[in-house]
Amino acid sequence: MKLGARILKTGIAIILSLFLSEVFNLPSPIFAGIAAIFAVQPTIYRSYLSIIEQIQGNAIGALIAVIFVLLFGNDVFIIGLAAIMVITINLKLKIENTIGLSLVTLIAIMETPGDTFLQFALIRFSTIMLGVLSAFIVNLVFLPPKYENKLYNRISHNTEEITKWIRLNIRHASEHKLLKNDIDKMKESNVKLEQLYLMYKEERNYFKRNDLVKSRKLVIYRQMISTVKRSLETLKKLHRFENDLQQMPENFQHAVQQQLDILIHYHEHVMLKFIGKVRPNVVFEEGDFNLSRKELVNLFLSQQKELNLEDESILPHTMQIISAIVDYDEHVEHLDKLITSFQAYHKDENEVTIQENIE
């Protein structure tokens with residue numbers, strides 16, 4: 001089991017909040033530790049947004065607690081009504097993420113009213129805010145996330161898995177049920193790409209001059225994700241209509257196999273070109289010929305005229321495979337153009353450094 005950065009940051013935030021509570025001699029430091037747990041976020045930008053919301057949520061919890069205690073006391077039923085009020089206000093203000101910590105603040109303040117209740121409430125509120133601040137400091141200073149590394153390596157991994165199965169399927173070497181299960185897993189993995197992309201998008205640059213580079217990278221990574229999805233769609237069509245394709249003439253099957261081999265190598269080359277691991281100007285041509293997208297479509301149409309198949313669904317199904325390949329090819333080509341343009345513009349600033357095996 002590997003500890004993630006967020007787990008380590010949570011532990012450090014708890015330690016820092018408890019330590020600062022002792023330094024400032026605040027009673028019940030456990031509330032600072034609880035607040036730190038709620039406030040740890042995966043990115044610095046989310047941490048910034050979180051601390052603003054947590055201040056609002058804690059202020060609401062503290063204010064409602066003080067009002068209810070002064071007006072109605074701290075009977076258990078009163079605390080329950082106050083909790084309902086806090087939840088309602090948080091939902092109304094659309095800061096539902098702070099409900100948990102707001103309720104902690106409410107209960108922490110309402111539990112022990114006395115002659116110095118207002119002073120006690122202020123101390124409890126300050127203790128909880130110290131925990132929130134500790135989490136923000138940890139997010140800012142310790143273990144800054146490297147979501148670009150995670151995003152690229154996840155895209156690269158998904159690409160390798162999908163293209164591996166395409167190579168096997170087009171040669172009729174894949175096991176049907178096993179591939180079906182792996183396609184479902186690859187769908188879930190592609191969903192995680194979207195989450196990593198949002199995390200990377202939320203990361204803020206410390207220098208303004210990097211904003212343009214970041215915006216250009218975002219376009220490229222969005223296209224990378226879109227291209228991976230098209231490769232998976234191609235694999236799904238090959239898997240679903242495998243038997244239909246096998247009933248087509250051998251020369252047509254061979255042409256489709258060659259086109260996919262070239263396309264896969266092209267995709268792999270573009271991914272490596274982005275991080276500077278291969279020479280940019282390489283043409284992949286295998287076998288006797290390399291068809292353009294238009295020529296591939298024309299080849300399929302020629303089969304339609306020549307074949308006299310009993311099962312009329314074979315050609316429409318095969319057409320879906322050809323359509324998926326054409327779409328995949330267009331996305332790879334567009335990705336290549338984006339990367340070429342990126343690398344030609346301010347070469348020094350646009351140098352990409354990716355660390356491998358970042359989970």
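User: How exposed is Lys236 in this structure?
Analyst: This is a predicted model. In the model, Lys236 is partly exposed, with a relative accessible area of 29%.

User: Which residue does the side chain of Lys236 meet in a salt bridge?
Analyst: The partner is Glu233, with an N to O distance of 3.4 Å.

User: Where are Glu233 and Lys236 placed?
Analyst: Both belong to helix α9, which covers residues 211-240. They are 3 residues apart there, so about one helical turn separates them.

User: How many salt bridges are there by this rule?
Analyst: The count is 15 salt bridges. Among them is the one between Glu111 and Arg124, at 2.6 Å from N to O. That pair links distant parts of the chain: Glu111 is in the loop between α5 and α6, Arg124 is in helix α6, and they are 13 residues apart.

User: Is Arg124 buried or exposed?
Analyst: Arg124 counts as buried because its relative accessibility is 6%, and buried means under 20%.

User: Changing topic. How do α5 and α6 pack?
Analyst: Helix α5 (residues 99-110) and helix α6 (residues 117-141) pack at about 150 degrees, and their axes are 9 Å apart. That angle makes α5 roughly antiparallel to α6, because angles over 145 degrees count that way. The crossing of α5 and α6 is right-handed.

User: What is the angle between α7 and α8?
Analyst: Helix α7 (residues 147-170) packs against helix α8 (residues 176-202) at an angle of about 160 degrees, with 10 Å between the axes. So α7 is roughly antiparallel to α8.

User: Left-handed or right-handed, that crossing of α7 and α8?
Analyst: The crossing of α7 and α8 is left-handed.

User: Now the surface. Which residues form the nonpolar patch?
Analyst: The patch is made of Leu63, Ile67, Leu70, Leu71, Phe72 and Leu118. Together they have about 640 Å² of accessible area.

User: Which helix gives the most to the nonpolar patch?
Analyst: Helix α3, residues 44-72, gives the most, with 5 residues. Leu63 is in helix α3, and Leu70 is placed in helix α3 as well.

User: Are Leu63 and Leu70 buried or exposed?
Analyst: Leu63 is exposed, with a relative accessible area of 53%. Leu70 counts as exposed too, at 55% relative accessibility. The reason is the cut-off: exposed means over 50%.

User: How far apart are Leu70 and Phe117 in space?
Analyst: They are 9.0 Å apart from C-alpha to C-alpha, and 47 residues apart in sequence.

Conventions:
Residues numbered from 1 in each chain as written. Predicted model: local features only at pLDDT ≥ 70, side-chain atom pairs only at ≥ 80, totals over all residues. Heavy atoms only, no water. Patch = residues over 30% accessible without salt bridge, like charges linked within 9 Å, V, L, I, M, F, W, Y side chains within 5 Å. Areas by Shrake-Rupley, 256 points an atom, 1.4 Å probe, with all protein chains shown as cover. Salt bridge = Lys/Arg side-chain N within 4 Å of Asp/Glu carboxyl O. Helix = DSSP H or I, 4+ residues; strand = E, 2+ residues; numbered from the N terminus. Buried < 20%, exposed > 50% of the residue type's maximum accessible area, 1.4 Å probe, protein only. Axes fitted to C-alpha atoms, helices over the stretch in contact; angles between N-to-C directions. Parallel < 35°, antiparallel > 145°, perpendicular 65-115°, else oblique. Left-handed = near helix turned anticlockwise from the far one by under 90°.
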